[in-house]
Amino acid sequence: MVSASAAPFRIVHTVCSHDCPDSCAVLVTVNGDGRAVKVEGDSSQPVTQGFLCGKVAKYLDRVYSPERILYPLRRKPGIPKQALQRGHEHEAFERVSWDEALDAIAARLQQVSDRYGSESILPYSYAGTIGVLGYGSMDRRFFHRMGASRLDRTICSEAGGVAWNTVYGKKLGTPAEDFRLAKLILAWGANIHGNNVHLWPMIEQARRNGARLIVIDPYRTRTAALADWHIAIRPGTDAALALGMMHVILNEGLEDRAYIDAMTHGFNELAQRARAYTPERVAAWTGMTAAGVEQLAREYATTRPAVLRLNYGVQRAEHGGATVRAIAMLPALTGAWKYRGGGGVLSTSGAFKWNEDAVRRPDLQYASPLGREARLVNMSALGQALTEIDSPVNALFVYNSNPGAVAPNHNTVKRGLAREDLFTVVHDLFFTDTTDYADYILPATTFLEHTDIQGAYGHYFVQMSKQAIEPVGESRSNVWLFGQLGQRMGFAEECFRDTPEDIIRQALAISEDGHSANPEMEHITYEGLEEQGHIPLGFHREPEVNPFLPYTSETLPTPSGKVEFYSEAMAAVGQDPLPAFIPPTESRWGKAAEQYPLELLARKADNYMNSTFANLDGHRKMEARTNQRLEMHPEDAKTRSIVEGERVKVFNERGSLRLTVMLNADLPVGVVATRLDWAKLHPDGLNSNVLTSERLTDLGAGATFYSTLVEVAKN
Ligand SMILES: Nc1nc2c(c(=O)[nH]1)N[C@H]1C(S)=C(S)[C@@H](COP(=O)(O)OP(=O)(O)OC[C@H]3O[C@@H](n4cnc5c(=O)[nH]c(N)nc54)[C@H](O)[C@@H]3O)O[C@H]1N2
Ligand SMILES: Nc1nc2c(c(=O)[nH]1)N[C@H]1C(S)=C(S)[C@@H](COP(=O)(O)OP(=O)(O)OC[C@H]3O[C@@H](n4cnc5c(=O)[nH]c(N)nc54)[C@H](O)[C@@H]3O)O[C@H]1N2
Ligand code: SF4
Ligand SMILES: [Mo]
């Protein structure tokens, strides 16, 4: 991978490891001094297509930011745990060597384990990196061997993932490249232009060939603004719409009987259920017209190929599970899966199967002082976990995540993090809303600074990310950190000495019976990845000759082996076996609406990645328009005598946030919106998560950021 002519420059194949469906192949140009001087999208990767999003095009601003934490830090004695002002963090911490930090952390974790039991140690991580190694490998080995609590990683996609699996058994979907063949694209709770921009060129190509784009989203995103039809649905009512579409499809005989007979289970029960969802009732819930519901159903069922881009927006609601189940059933009802370019996708992650047991070693729990599988702690209720007294958490180890900004119910989370008796370690690249509460801060690397491999949740390529530059300062990768800690704890297992290459080989290993964990990955080797950078999964090697059409002929990994409209497994555990619409507790139909009548969309920013990038000036400039803004329909403002530009208080029983009103007539009446930011960048040290709750979704026990009621008043 050394460029041929310009000897002092090297070009290295890396992979963007941020939590984004696109998992771009990124070529990094490194100069003779070992400094990265350019990042660009790899034009030979069929989904990346040679370009990067606005956030990562400016990646060197992040890698070489003067604000990077360059060495390990320890809280100075006597400094209380509280939010710090940006730029003043160094005053609360003092530099220590890695040796000192690691020894002290190992000793303290041992002490906590001896005194309170190993399960009082809680690792807290999410998707700062989604590389196989960085996301979960040596860290898992370490915490398993410690006997620490296991973290239930539910904050993002569990409701939708579990729901999709109840219907199809596996998260697969239409290949991104095939979207260009669609004639109708339905983006359902999916901000493609903002969050999945590499699907956009495929959609543009489809539209040049006559396709229509319909967006269902309460917020007029960039994607919605560019659509042929934007349906500004009321939050949390999508299940009603999907069932209403089924009602119309079945009434008019637009379903695909051949597909239904061959591939599905429980059609009659579903048809019965859909009867109640007349277009008129659906209109009353969703804010659409009955004619609109009918038109959408007809257009969807009669256009071929029709494809759904269902992203995770709809499932961050209280009944997100039932909602995703209902929507996911639509392409099975119309047989859309049969047509190349038709069908749908929530996530493609089910196609990647690494030898996870070898990578994460859950068996090490049996060698821990606990000697059994540890308890699960739900990350979407971190505030509760840190403040409840029955089964306490006494040590918290945060990496790949910034819960001080992204976890719901910020005020409770903050109360937990501020506990002086809680020993907290944070491994990150910057002083975040979470590092402010740390006892030790350890500097982490970017994807340019360590080696990893990666699948994707928006395409079908396995990719290698080779270390392009030396770690900046004394920063170290997750694999290095937890390997070191394992050794310092005196763990004798060889696996704590594995190198990244060892772990990659284990992840891809062909077992003794000659198979990898996934037959579609048998052709993928370490050497192959090193040479080619990215390799398609087996079923995607010859898309023109052998297009991938999921759920069209195979036996599915559901209990019935079919697409399940009706789930006996759910009935058996007392859940509704069919999808239904139930209004969220925190919605205009809920009791709390008497006090807090407005539905809040606590959104993400197009130019940040959750809380990542929010501290970089260039990225902040791109988001300046919505900085500390509350978007509000003019009618809602008028009834409160609020005008454009006015500073207001947004509040509910959990918290209160001061924002500036920006009128937005594209929002449904009764819906307000604001976007995520670092709490410490707001003058009050707060962000939208002071308003969100720790209520969990109906399936998968996920977070419900989009089911939040508030009231707004003059400040
Ligand atoms: N630029 C950028 N890209 C990102 C991220 C980011 O923060 N910024 N985050 C990454 C992450 S972590 C993820 S999980 C993916 C997520 O990707 P998406 O699932 O697309 O994420 P969201 O933006 O949360 O939700 C998509 C849309 O759903 C809408 N929505 C909210 N409630 C409802 C509802 O009840 N019904 C309907 N129909 N729509 C609703 C929101 O207004 C939003 O525009 O994107 C990733 N990519
Ligand atoms: N209000 C509101 N809250 C939300 C959401 C929302 O839409 N609205 N979205 C939710 C969703 S979908 C998600 S996925 C979560 C995301 O929550 P998180 O996974 O916490 O995501 P980020 O905010 O990107 O924080 C990731 C952190 O990991 C760090 N990091 C990056 N690479 C590495 C590495 O290699 N090693 C280590 N140790 N650290 C690294 C980054 O610097 C960053 O501080 O947020 C959730 N919170
Ligand atoms: S954030 Fe997404 S679109 Fe941007 S470079 Fe990374 S993978 Fe590609
Ligand atoms: Mo997410």
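This is a predicted model: local features need pLDDT of at least 70, side-chain atom pairs count only at pLDDT 80 or more; totals for chains, interfaces and linings use all residues.
Me: Which residues are closest to ligand 1, and how many surround it?

Reply: A shell is read as the set of residues with a heavy atom within 4 Å of the molecule. For ligand 1 the shell holds 33 residues, and the closest are Asp217, Tyr312, Arg316, Asp606 and Tyr608.

Me: Which polar contacts does ligand 1 have, and what share of its accessible area does the protein cover?

Reply: A polar contact is taken here as a pair of N or O atoms within 3.5 Å. A nitrogen atom of ligand 1 lies 3.2 Å from a polar side-chain atom of lysine 55, while a polar backbone atom of glycine 236 is 2.8 Å from an oxygen atom of the ligand. Alanine 605 also takes part through its backbone, with an N or O atom 2.9 Å from a nitrogen atom of ligand 1. Of the 910 Å² of accessible area that ligand 1 has on its own, the protein covers 99%. The elements that contribute two or more residues to this shell are α7 (192–195) and β22 (598–603).

Me: Why can ligand 1 be said to lie between two domains?

Reply: Ligand 1 lies between domain 2 (174–346 + 551–572) and domain 3 (591–714) because both of them give residues to the shell around it.

Me: How many residues surround ligand 2, and which domains does its shell draw on?

Reply: Ligand 2 is surrounded by 33 residues, with Ser401, Asp428, Ala602, Ser611 and Thr612 as the closest, and the shell divides into 13 nonpolar, 15 polar and five charged residues. At least three residues of this shell come from each of domain 1 (73–155 + 355–449 + 476–513) and domain 3 (591–714).

Me: Which atoms of the protein make polar contacts with ligand 2?

Reply: On the backbone side, an N or O atom of histidine 427 lies 2.9 Å from a nitrogen atom of ligand 2, and a polar atom of threonine 445 is 3.5 Å from an oxygen atom of the ligand. Asparagine 689 contributes a polar side-chain atom, which lies 3.0 Å from a nitrogen atom of ligand 2. The protein covers 98% of the 910 Å² of accessible area that ligand 2 has on its own.

Me: What residues are around ligand 3?

Reply: The residues around ligand 3 include the cysteines Cys16, Cys20, Cys24 and Cys53, together with Asp22, Lys55, His198 and Met609. By class, this shell has seven nonpolar, two polar and two charged residues.

Me: In what order do the strands of the barrel follow one another, and how are β22 and β26 joined?

Reply: Strands of a sheet pair through backbone hydrogen bonds, in either a parallel or an antiparallel sense. Here six strands close into a barrel in the order β22-β26-β23-β25-β24-β27, with mixed pairing, and the twist from one strand to the next averages 45°. Strands β22 and β26 (residues 671–675) run parallel and are joined by five bridges, and alanine 602 has threonine 674 of β26 as its bridge partner.

Me: Which strands are at the edges of the open sheet?

Reply: The open sheet has six strands in the order β5-β4-β17-β16-β15-β6, again with mixed pairing, and its edge strands, β5 (93–95) and β6 (121–125), each pair on one side only. Neighbouring strands are turned by 20° against each other on average, with direction ignored. Strand β4 (residues 73–75) pairs with β5 in the antiparallel sense over three bridges, and leucine 73 stands opposite arginine 95 in β5.

Me: Where are the cis peptide bond and the positive phi found?

Reply: As background, most peptide bonds are trans, and most residues other than glycine have a negative phi. The bond from arginine 304 to proline 305 is cis, with omega near -10°, and proline 305 is placed in the loop between α14 (290–302) and β12 (306–310). Asparagine 400, although not a glycine, has a positive phi of about 60°, and the loop between β15 (395–399) and α18 (403–406) is where asparagine 400 is found.

Methods:
Residues are numbered from 1 along each chain as its sequence is written. Chains are lettered from A and ligands numbered from 1 in the order in which they are written. Side-chain values use heavy atoms; hydrogens and water are left out. A polar contact is a pair of N or O atoms within 3.5 Å; within protein, one must be able to donate a hydrogen and the other to accept it, and residues adjacent in sequence count only if both atoms are side-chain atoms. Accessible areas come from the Shrake-Rupley method with a 1.4 Å probe; for residues, only the protein chains shown count as cover. Helices (H or I, at least four residues) and strands (E, at least two) are DSSP runs, numbered from the N terminus. Domain bounds come from an automatic or database domain assignment. Ala, Val, Leu, Ile, Met, Phe, Trp, Tyr, Cys and Pro count as nonpolar, Asp, Glu, Lys and Arg as charged, and the others, Gly among them, as polar. Two strands pair if DSSP finds at least two bridges between them. Axes are lines fitted to C-alpha atoms, for helices over the stretch in contact, and angles run from 0 to 180 degrees between N-to-C directions.
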